[in-house]
Amino acid sequence: MDKLIITAALTGAEVTRAQQPALPITPDEIAQAAFECAQAGAAIVHVHARHPDGTPTQDKEIYRQIIAAVRARCDVIVQVSTGGAVGMTAAERLAPVTLAPEMATLSMGSVNFGGDVFMNHPADMESFAQAMRAHGVKPELEIFDSGMLTTVSRWLKKGLIDGPLHLDFVLGIPGGMAGTPEALLYLRSQLPPQASWTVAGIGAAQLPLAALAIVLGGHVRVGFEDNVYYRKGELASSNAQLVARIARLSGELERPLATPDEARALLGIQRRTWP
Ligand code: KMH
Ligand code: ZN
């Protein structure tokens, strides 16, 4: 098995300080959280930008500040979001890709998202894939439901994306595929050849799906974007606390952690220096 890549999804677009008082919002707070997560064992940080008042934004300058501040403190791979927040335009969402970060998310289809719809029009997604290729950005394909894997296969055939692919199964969104072991096992059985995968379990699904991914040879995403609790009724004190638990688990299960450079090698990412 490859070494385990832990991604820390630090902020997201939806979680508020009222829900999680330790949520990092400013570039400096996000960079500090990234540093703590890197110390705890994360190789990738998945980041979303926020305005100072906490509202989500895809502002390129704020992303630039986040990437620079993170990389001034540590060597983690910074994966920017192109999902942004529900209701943003495709042009807004694409903005951080033009900074040529090492990695970015690429949603593979539309999905109901709680009381909203997370719209991912095929033409927009294709243009995102082309932009990532043009800027040398490694896409992480976000899979919210099983039908999205058929899109992955079609895109591979059309040459819109090339292997080795890296996928993220986001499980437990109300409206998406369930956060259950059965769902994860099914998706894993449908993987394209040679693809690597990680799992982002939402809410209470985060810990059991992470444990399953460790033993199945997948990778793990944890963090406040997906789950604000450490255990039922107890908020996590930091993103790093969630990462540290996965690092301990993987140690017990004899699955060593990937450093950022080892993750770059596994994912086929060319190391970038910042600024
Ligand atoms: N905020 C969600 C609507 C991503 O980062 O690529 C979408 C999202 C996915 O968070
Ligand atoms: Zn996200």
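This is a predicted model: local features need pLDDT of at least 70, side-chain atom pairs count only at pLDDT 80 or more; totals for chains, interfaces and linings use all residues.
Which residues in H7 meet which residues in H8?

Residues are numbered from 1 along each chain as its sequence is written, chains are lettered from A and ligands numbered from 1 in the order in which they are written, and side-chain values use heavy atoms, with hydrogens and water left out.

To the opening question, then. From H7, the residues Gln206, Leu207, Ala210, Ala211 and Ile214 meet Leu242, Arg245, Ile246, Leu249 and Ser250 of H8, contact meaning heavy atoms within 4.5 Å. Helices here are DSSP runs of H or I with at least four residues, strands are runs of E with at least two, and both are numbered from the N terminus. By class, this contact has 7 nonpolar, 2 polar and 1 charged residues. Ala, Val, Leu, Ile, Met, Phe, Trp, Tyr, Cys and Pro count as nonpolar, Asp, Glu, Lys and Arg as charged, and the others, Gly among them, as polar.

Two packed helices are described by the angle between their axes and the distance between the axes. For H7 and H8, the axes come within 10 Å and cross at roughly 35°. Those axes are lines fitted to C-alpha atoms over the stretch in contact, with angles from 0 to 180 degrees between N-to-C directions. The crossing of H7 past H8 is right-handed, that is, the near helix is turned clockwise from the far one by less than a right angle.

A search of the whole structure finds 1 cavity of 30 Å³ or more. On a 1 Å grid over the protein atoms alone, a cavity is a set of points where a 1.4 Å probe fits but cannot get out; a pocket is an open set with protein on both sides within 12 Å along at least five of seven lines; lining residues have an atom within 4 Å of a point. Grid points are joined across faces, edges and corners, and a volume is the space filled by probe spheres set on the points. The lining of the largest cavity consists of Gln206, Leu207, Val222, Leu242, Arg245 and Ile246, and H8 gives the largest share, 3 residues.

Next, the zinc ion, ligand 2. Its protein donors are His46 (NE2), His48 (NE2) and Glu225 (OE), lying 2.1 Å from it. Donors are N, O and S atoms within 2.8 Å of the metal (3.2 Å for Na, K and Ca); water is not among the atoms, so sites may look incomplete. In sequence, the donor residues follow the spacing H-x1-H-x176-E. His48, in the loop between strands S2 and S3, and Glu225, in the loop between strands S12 and S13, are 177 residues apart and link distant parts of the chain.

Finally, the backbone. A cis peptide bond joins Gly163 and Pro164, with omega about -5°, and Pro164 sits in the loop between helix H5 and strand S10. Ala100, although not a glycine, has a positive phi of about 55°.
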